[in-house]
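This report covers the interface between two chains and the surroundings of two ligands. The sequence and structure come first.

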Amino acid sequence: MKTKRELVIVGGGPAGLAAALEAHKNGVEDILLIERDEYLGGILQQCIHNGFGLDYFNEELTGPEYAERFIDELSDKKIDVQLKTMVIDINDQKMLTVLSSKKGIEFIEAKSVILAMGCRERTREAIRIPGTRPAGVMTAGAAQRYINIEGYLPGREIVILGSGDIGLIMARRLALEGADVKGVFEIMSYSSGLVRNKVQCLDDFGIPLYLQQTVTKIHGQKRVEAVDIAEVDDNFNQIPETKKTIECDTLLLSVGLIPENELSQQANISLDDITGGPIVDQSRETDIPGVFACGNVLQVHDLVDNVSEEAEIAGKAAAEFLLNETKDEIKQSLEIAPGKNITYVVPHTLNINANTSPLIELFFRVKDPAEDCKISIKDNQEELASYTRPIVEPGEIESVKLPIKLINISSDEIIVELITGGE
Amino acid sequence: MSDKIYDILIVGGGVVGTAIARELSKYNLSIALFEKETDVASGTSKANSGIIHAGYNASKNTLKGRLNIKSNPMFDQIADDLKVPFNRIGSLVVGHSQEDKEKLILEKERSLAQADIDLRIIEKKELREKEPDLAEDAIVALYAPNAGIISPYKLTIAQAENAANNGVDIYLETEVKKVFHENNYITGIKTNKGKFSGSIVINAAGLYADKIAATVGENYEIVPRKGEYNLFDKKYGSLVNHVIFPMPSEKSKGILITPTVDGNLLLGPNSYVVENKDDLEVTEQGLNEIWDGGKKLYPSLPGNGIISSFAGLRATIPAEPYNDDFKIEALDNPVGFIDVAGIQSPGLSSAPGIAELITKIVDDISKDLKVPIKLQEKSSYNPELDKLPRLDDYKDHREDWHQVYQEDNDYGEIVCRCEHVTKGELIAELKKSLAPLTLDAIKRRTRAGGGRCQGGFCGPRIAEIIAEEFEISPLEVTKNGPGSEILMERVKDIKADRDITYRRQKDEN
Amino acid sequence: MNERTIICLSCPKGCRVKVKANGDDIKDISGHECPQGIEYAKNEYLNPTRILPTTVRVKNGQIALVPVKTASPIPKEKIGEAMQKLSEIEVEAPVELGQVIVNNILDTGVDVVATRSIKEKN
Ligand SMILES: Cc1cc2nc3c(=O)[nH]c(=O)nc-3n(C[C@H](O)[C@H](O)[C@H](O)COP(=O)(O)OP(=O)(O)OC[C@H]3O[C@@H](n4cnc5c(N)ncnc54)[C@H](O)[C@@H]3O)c2cc1C
Ligand SMILES: Cc1cc2nc3c(=O)[nH]c(=O)nc-3n(C[C@H](O)[C@H](O)[C@H](O)COP(=O)(O)OP(=O)(O)OC[C@H]3O[C@@H](n4cnc5c(N)ncnc54)[C@H](O)[C@@H]3O)c2cc1C
Ligand code: SF4
């Protein structure tokens, strides 16, 4: 019931897969990848649409195709995979408790752990929509799983709240399967989804997109019968005169993702309030030495290509942690903080030692869309580097590569800022 | 199915109806309980604060006050027998000023003059030790160590199961339409599933008790008074250690905060009269009201921690001579009709006392019935339910779960990922006599689907397990009864239009 | 004269390109910020095509459906008909990634292929 392992990876989505392969490539011989589903690939297996892999493979793939490339590569390596197995506890000593119908309870003592549990969707409750509580209200991702994997249609007359990519993709998917999609409603004044998804998923099918409108109430005792919609002003206050009722049997919510960090919390890993993921350094190491995090559990990514790259950083770092008997002394440690117009930055800290690579890539999100702007990296008031950008959007993760040598040895914090046109 | 003749017909499967059924199942009577919904605990008993009040602010001059005080000490035994989680965490009524303090002292003395309840005034220092995150300006509290929390629906379900094990027939999806009486005697009832004979009808129909009573000529009105709630993620369950009340108002005990027995945090309820008895809508206004109330007590309440909102309706009889008290009495005409109506708060806390009182009333009228009965205790009565294994109860000794698993490997397969519920736990529920066929019923019994993702993930899987167990199609499985099917069709059964990509654009041109 | 605005998808800028035409005869293209926009708008005006990602039923599979896509883009107006056709098909597990599910769908010259391997139900 009790075993010891060098490296345990929790979650077999694209993050877990890439991390496992990278750790293996860098010499770790004892790897266990644990996945609660009956197949590898994570969320990708339900994302049957194309649009993945343009960065990573220079090729346009569907989600399952992208996943299968990694799964194939894994299959002839010495990496143990345990499916239909759920990690139910982790403590700060890197002791995992797992449960499966094949083996029951097992305790695994790991030297190093990579957290790759992905994320889950925000529900109706999280955004507090008033009204009744009938069947027929669900998240877009749950509906995606129903349609693409389980083989059920969640409804016939659909209203979608939220115009992120998942909402847009689901509008097309439902229309293709014969449902009537009455419209996609978005509280913001812009869609956070890719333009291409708006064109191919809505315009192609004549599905209307309504900006600055939101669902204010749900009707129906047993099944959804209708929803109320109202316009909102620039401060998101509803404008009562604009209220209208739309009949439908299903309300799909695509209103945001939350990193799945219940296990991280159990292990007492510190989390960032904004990303909802662990606080990490540039090797994606959390504040428990030897525990790493990557993929959507760390920050919600829009592109799986970035997930794979991030996971490789973590996989490599885990290998270094395990194989480097004599740990390099950390020369300098400093924080990286979001400044003006920036929501968050990952990594949160830099630990510089002799082995640190000369370029550090910083990932961040901007607060509002902007054009012809500049990303500025500052130490106090002094600008260390700046990068121009023709266009930035909150819906897309931005990144810059910062040369380590620019960083002042004695500083303890650097700040990332977005400078827009007028300033 | 209507040939069977019963001694006692109970209308309503709430905490009150099922408590009565269980209590009466001690005797050699033939008893049937009728519930119009797909599951017991589908009315007010599923949506309330779940507090077993200590009884301090219910006056002994009222029936509800007396029954609450009498019932509070009975809960340890009941919870033990029925394996329902119950926790005497104590309650605190929190004051913010010298004036509040005087009121609380007065309240304490008034209560103590009426009954022997453990009540203490505690000052700021002790209060902060008990509740470190409470608002800074809270300086005094009335502490009642005997107040407790319970899962109201689990209690109701367990009472029903135990009653069923002891011989009570429980008819679900069976709505009582009319009560028959002849020459001043009760003779039976009519339901949507046929007629049933019996010489006693116990009217525990909650919000609809007035409707049932009207069929025997009674004339009173039940007024629904709504209360709305927010439920928070388990992460925040430990923010609060006691049931925290604000200073009470005339009408209600105010918006409270309490941990639940499942480890979540519950905030609510407000209180206002509504028109319809099926108005369970949560309103924007209401949610704001309870939010403001909560923030006053706990400024650090996390807005993004809410995982569910819901509302419940108190069944009140404001009119004379009841004045918002319980109405528990046997009618003289027709003989055999017993009202258990107006059971608003603290109806949950009073349920065991109500059940005892009804037994006494039944005994009193037993000789005068159309078919007289005699209450005789039966030796076969078993007050206990078996405890089913729950992974969640093995948090601190997971190794012992392995044994459970070895007896049945289904206990190794997690179905609900948020609440850690295994397939074995689901199937054990589905095999019971009072088997739950809906997702809501499963959720109330096992918590599967009640976690952070609110069933998004495990919903279809649970539907499939139910379908397999009962050999029906997953498309027939409902959320809470007919009309609430969760899956509509299999994909590919309906087809997109041929011109789906250009039809609408053409329309525009 | 017909006028249509087409959003160029060749880069994240998403220029709104205006096409003026008489039937299939394009008279004027404006609004693009670079030459790629002209090419894109022309194609999208004359012969818009799309890759169609969807699913097909599987018999005896580990899951109920196999995801599929058209191996290359097909004319946009054929998508509805293609969906109808695909809803009538059922394939037998196991399925290999890349396996041709429908040959030359609707005479477009394009195959529909599986995008995931599906094992048999165990
Ligand atoms: C609905 C949706 C649509 C998307 N569409 C696109 C798109 O069009 N293009 C694009 O590039 N990106 C898209 N993405 C983003 C991309 O798919 C995700 O960023 C990527 O899948 C994240 O990878 P991950 O490995 O971090 O998480 P996941 O893919 O979610 O994998 C996490 C895995 O961990 C497992 N797991 C979690 N907890 C445990 C535990 N305790 N024990 C065992 N296993 C566990 C889960 O079962 C899961 O398999 C989409 C994402 C979503 C949610
Ligand atoms: C907001 C709120 C908070 C509360 N908090 C507390 C608290 O903390 N502590 C406490 O002690 N009490 C509390 N209460 C009160 C407590 O919840 C009720 O007193 C108790 O649940 C009433 O139970 P019941 O069985 O009478 O009613 P219900 O639970 O409503 O049961 C009646 C049943 O009868 C069925 N029925 C109705 N008509 C028919 C028919 N014609 N045929 C068949 N079946 C029928 C209904 O479907 C229902 O299931 C609260 C109440 C509310 C609303
Ligand atoms: S026209 Fe040029 S600049 Fe404009 S979106 Fe197309 S490719 Fe980008």
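## Chain interface and ligand sites

Strand E11 (residues 152–153) of chain A pairs with E24(B) in the antiparallel sense over two bridges. Strands are DSSP runs (E, at least two residues) and helices are DSSP runs (H or I, at least four residues), numbered from the N terminus; two strands pair if DSSP finds at least two bridges between them. A:Leu153 has B:Glu489 as its bridge partner in E24(B).

This is a predicted model, in which local features need pLDDT of at least 70, side-chain atom pairs count only at pLDDT 80 or more, and totals for chains, interfaces and linings use all residues. Residues are numbered from 1 along each chain as its sequence is written, chains are lettered from A and ligands numbered from 1 in the order in which they are written, and side-chain values use heavy atoms, with hydrogens and water left out.

In the interface, 58 residues of chain A are in contact with 60 residues of chain B, contact being heavy atoms within 4.5 Å. The two chains bury about 5200 Å² between them, with 54% of it on carbon and sulfur atoms; buried area is the accessible area (1.4 Å probe) that two parts lose on being put together, summed over both.

Six salt bridges are counted between chain B and chain A, each a side-chain nitrogen of Lys or Arg within 4 Å of a carboxyl oxygen of Asp or Glu. One of them joins A:Asp37 to B:Arg417, with the closest N and O atoms 3.6 Å apart. Helix H8 (284–297), strand E19 (306–316), helix H10 (401–407), helix H13 (459–470), strand E24 (489–490) and helix H14 (503–508) of chain B each supply at least two residues of the side that touches chain A. E19(B) gives the most, five residues.

Around ligand 1 there are 31 residues, the closest being A:Ala15, A:Glu35, A:Ile43, A:His49 and A:Asn296. Ligand 2 is surrounded by 39 residues, the closest being B:Glu35, B:Ser45, B:Ile51, B:Ile343 and B:Ser349. A residue is counted here if one of its heavy atoms lies within 4 Å of the ligand.

| Residue and atom | Ligand oxygen | Distance |
|---|---|---|
| A:Pro14, backbone N or O | ligand 1 | 3.2 Å |
| A:Arg36, polar side-chain atom | ligand 1 | 3.0 Å |
| A:Asn296, backbone N or O | ligand 1 | 2.8 Å |
| B:Ser45, polar side-chain atom | ligand 2 | 2.5 Å |
| B:Asn48, polar side-chain atom | ligand 2 | 2.9 Å |
| B:Ile343, polar backbone atom | ligand 2 | 2.7 Å |

Terms used:
A polar contact is a pair of N or O atoms within 3.5 Å; within protein, one must be able to donate a hydrogen and the other to accept it, and residues adjacent in sequence count only if both atoms are side-chain atoms.
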